[in-house]
Amino acid sequence: MSAGKKFRDALKNNNPLIIPGAINAYSAILAERAGHKAIYLSGGGVAAASYGLPDLGITSMEDVLIDVKRISNASSLPLLVDIDTGWGGAFNISRTIKEMVNAGCAAVHMEDQISQKRCGHRPNKSLVSSNEMQDRIKAAVDGREDESFFIMARTDALASEGLSGAIDRANSYVEHGADGIFLEAVTSIEEYKNFKEVIDVPLLANITEFGKTPLFSKDELSSVNVDMILYPLSAFRGMSKTAEKIYNSLLKEATQENLLDIMQTRDELYERLNYHSFEEKLDDLYKN
């Protein structure tokens with residue numbers, strides 16, 4: 001079964017589908033072990049975690065593909081990937097889709113900001129025209145060799161064009177081949193409700209912390225027929241905060257003894273990685 005088909009099946013069988021961010025291969029293993037049915041790789045997360053850069057469209061397709069390959073090789077879960085604005089013109093976007101499919105990606109979302117994009121929850125975002133975004137979607141669809149591969153259009157129009165403008169854009173994106181819509185920076189549950197009433201494809205809610213969107217619950221979002229709930233960087237934020245605490249404490253206390261309760265143990269790590277089966281394989285290969 002292709003990765004795209006796995007994603008579509010997960011979307012069909014989970015209402016709504018919970019999609020947590022997995023910032024690296026080991027995070028993907030932990031998410032799968034927890035029982036999740038799909039995972040996500042954030043473009044901003046790649047920039048921050050893999051390159052130490054802000055989410056301003058600085059990273060390239062190749063930068064993201066490295067992490068896509070690592071995650072796809074470590075987990076059987078279908079992976080949704082943030083491809084920013086597609087990284088170029090029509091041929092570049094088609095190539096992006098082909099490369100993502102080949103790397104094991106199941107789905108992507110591409111946005112309607114200009115190439116010098118900003119985080120979706122920051123001010124002063126600039127959008128391309130609806131026609132230009134439609135061309136991006138057509139190029140993405142043209143590059144899709146697996147028909148099950150899921151292409152989602154993200155619109156940031158809500159902040160500058162209001163709900164009606166976002167709806168108009170979304171409808172035009174669907175007409176040109178988008179399989180789903182990612183409505184960014186929503187501020188009320190009613191906006192999801194009104195949007196979903198006139199958009200007849202799966203809708204994603206981005207429930208990121210410390211942004212414009214309130215932390216709506218699964219029940220609230222389900223009540224207005226949201227199909228996917230994205231938690232893009234929740235685990236990464238937790239990891240980062242814990243890491244900062246440990247780094248600061250090591251300088252101050254010069255011992256980790258008081259930090260053990262917030263650490264994963266060696267045995268837990270080995271169990272998650274199936275470490276002992278690898279050792280047994282070595283023993284079988286090199287036994288006397």
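Tutor: Happy to! Let's begin with a polar contact: the side chains of Arg154 and Glu111 are joined by one of 3.5 Å. Keep in mind that this is a predicted model.

Student: Where does Arg154 lie, and is Arg154 buried or exposed?

Tutor: Arg154 belongs to strand 5, which covers residues 150–155. Its relative accessible area is 4%, and because buried means under 20%, Arg154 counts as buried.

Student: What is Arg154 in contact with, leaving aside neighbours within four places in sequence?

Tutor: The list runs through His109, Met110, Glu111, Asp112 and Gln113, then Arg118, Gly120, Met133, Phe182 and Glu184.

Student: Now the helices, please. What describes two packed helices?

Tutor: The angle between their axes and the distance between those axes. Here, helix 5 (residues 90–102) packs against helix 6 (residues 130–142) at about 45°, the axes being 7 Å apart. An angle of 65 to 115 degrees would count as roughly perpendicular and one under 35 as roughly parallel, so helix 5 and helix 6 are oblique to each other. Their crossing is right-handed.

Student: Which residues of helix 5 and helix 6 meet?

Tutor: From helix 5 come Ala90, Ile93, Ser94, Ile97 and Lys98, and they meet Arg136, Ala139, Ala140 and Asp142 of helix 6. Sorted by class, this contact has five nonpolar, three charged and one polar residue.

Definitions and conventions:
Residues are numbered from 1 along each chain as its sequence is written. This is a predicted model: local features need pLDDT of at least 70, side-chain atom pairs count only at pLDDT 80 or more; totals for chains, interfaces and linings use all residues. Side-chain values use heavy atoms; hydrogens and water are left out. Helices (H or I, at least four residues) and strands (E, at least two) are DSSP runs, numbered from the N terminus. Buried means under 20% relative accessible area, exposed over 50%, partly exposed in between (1.4 Å probe, protein chains only). A polar contact is a pair of N or O atoms within 3.5 Å; within protein, one must be able to donate a hydrogen and the other to accept it, and residues adjacent in sequence count only if both atoms are side-chain atoms. Contact means heavy atoms within 4.5 Å. Axes are lines fitted to C-alpha atoms, for helices over the stretch in contact, and angles run from 0 to 180 degrees between N-to-C directions. Angles under 35 degrees count as roughly parallel, over 145 as roughly antiparallel, 65 to 115 as roughly perpendicular and the rest as oblique. A crossing is left-handed if the near helix is turned anticlockwise from the far one by less than a right angle, and right-handed if clockwise. Ala, Val, Leu, Ile, Met, Phe, Trp, Tyr, Cys and Pro count as nonpolar, Asp, Glu, Lys and Arg as charged, and the others, Gly among them, as polar.
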